[in-house]
Amino acid sequence: MRTIVVGAGAVGLASAYRLARSGCEVTVLDARSAGSAASHGNAAKIALAESGPVPAPGVILQSLKWMLKPDSPLYVKPSLNPSFVKFMLTMARHCTARDFRQGLQTTLRLAEGTMDLLDDWTRDGIAFEMHKAGVLLAFETRERYEEQLASLDIFESFGMVAEHLHGDAVQAREPVLNSRIKHGLFFPDDRQVEPDSLTRGLLKRCTELGVEIHEHTPVRRFLRRGDAVTGVLTDKGEYTGDTLLLAGGVWTARMAAQLGVPLPIRPGKGYSVDYSPSPVPLRTPLTLEDARVAVTPLNGFLRLAGTMEFGGLEENINPRRIAAIKQAAADSLTGWDNPPGEASPWAGLRPMTPDGLPVIGRLDPLPNVYVASGHGMLGLTLAPATAEIVTEAITTGRLPSVAEAVSPRRFTRR
């Protein structure tokens, strides 16, 4: 079976790797360099402890308050575009406790075997930087801490039991945190993966398995015979295949619409900034929960990442949002004082859906087109599981039961 994968981010490359391991002939196309879009500057986390959907109870009221603050953790850029309004209204309907809990359960079921899959990848010769340091969710306010407690029973049902920390116990766990941080939840099983190293490792292993990878090769048009897609036309010629997998992140929506099956995948811009060497001797990966800023120590550098900005496809840097991320670090980390070694800031577009869940499976009514997108802030976390799902779907024609809740049919059926 010949499969064309459009998109060479973490999800697309992981899928190409698993398809090739299953005996498929695979061609990967990307309009840019592999891994250079949302995969590049993410928080570098396998973030099981932070896998709740973005639509959550209280988010609408909070976002209305934050709309007046361009440096807030969540910012919705006002727009009267009908598709944008529809997306935001649909997201608002999902901001209920019931939908949030169901979404969290779905995500944790999808990711249940992620750590084993990552270990399988390393045993198969995929070399990448990975740390098994857990994560500390750090809270300034009791209110934010108690919000997190409301879903702990779901994590515990998946064997993820957090250590509760209060007062000096927080600083005993991570001395770099200052006294502003009064509560903490430490999840020992979360990991950290440097995303560029993963891209390089997957590219190398895919090439060894015979995968053709064509970077800087944007898809211009789809070739069709009836309902079936037979190939794609690019600036570098035609590529044909038996199946097509759309794994182009936020740009998947545009491709699906071109095929006549619109999907509600919209950009949620995130930011990150790196420091090399690390300005503080941080030993535990953190998320500063009140500011929604991740602080991830990696080999030779420290990454700050955060914010969610709903708007258009612009990838420009908003200095206010970078300043807010840096201020969160200055407010919470002892010894953070305008440190040297700051790299140029980065902004990328995460593929968001109105229910906060990815879109994985066959794109009905097209018989040979599949989708793997809409992962939001969990592209790195869910890439291994997504690769397993799409490989089973493409090679057997069946969607695993675990993936029924994330099928494109929830958006395409009339």
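Me: What volume does the second largest pocket have?
Reply: This is a predicted model, where local features need pLDDT of at least 70, side-chain atom pairs count only at pLDDT 80 or more, and totals for chains, interfaces and linings use all residues. Residues are numbered from 1 along each chain as its sequence is written, and side-chain values use heavy atoms, leaving out hydrogens and water. A pocket here is an open set of points on a 1 Å grid where a 1.4 Å probe fits, with protein on both sides within 12 Å along at least five of seven lines. Filling the second largest one with probe spheres gives about 580 Å³.

Me: Which element gives the largest share of that pocket's lining?
Reply: The lining (an atom within 4 Å of a point) has 22 residues, with Lys-86, Pro-262, Leu-263, Pro-264 and Ile-265 nearest the centre. By class, 13 are nonpolar, three polar and six charged. Helix H3 (82-93), helix H10 (252-258), strand S15 (266-275) and helix H13 (409-412) each give two or more residues; helices are DSSP runs of at least four residues, strands of at least two. The largest share, five residues, comes from H3.

Me: How are H1 and H12 oriented to each other?
Reply: The axes of H1 (residues 10-21) and H12 (residues 379-396) come within 8 Å and cross at roughly 40 degrees. Angles under 35 degrees count as roughly parallel, over 145 as roughly antiparallel and 65 to 115 as roughly perpendicular, with the rest oblique. H1 and H12 are therefore oblique.

How values were computed
Axes are lines fitted to C-alpha atoms, for helices over the stretch in contact, and angles run from 0 to 180 degrees between N-to-C directions. Ala, Val, Leu, Ile, Met, Phe, Trp, Tyr, Cys and Pro count as nonpolar, Asp, Glu, Lys and Arg as charged, and the others, Gly among them, as polar.
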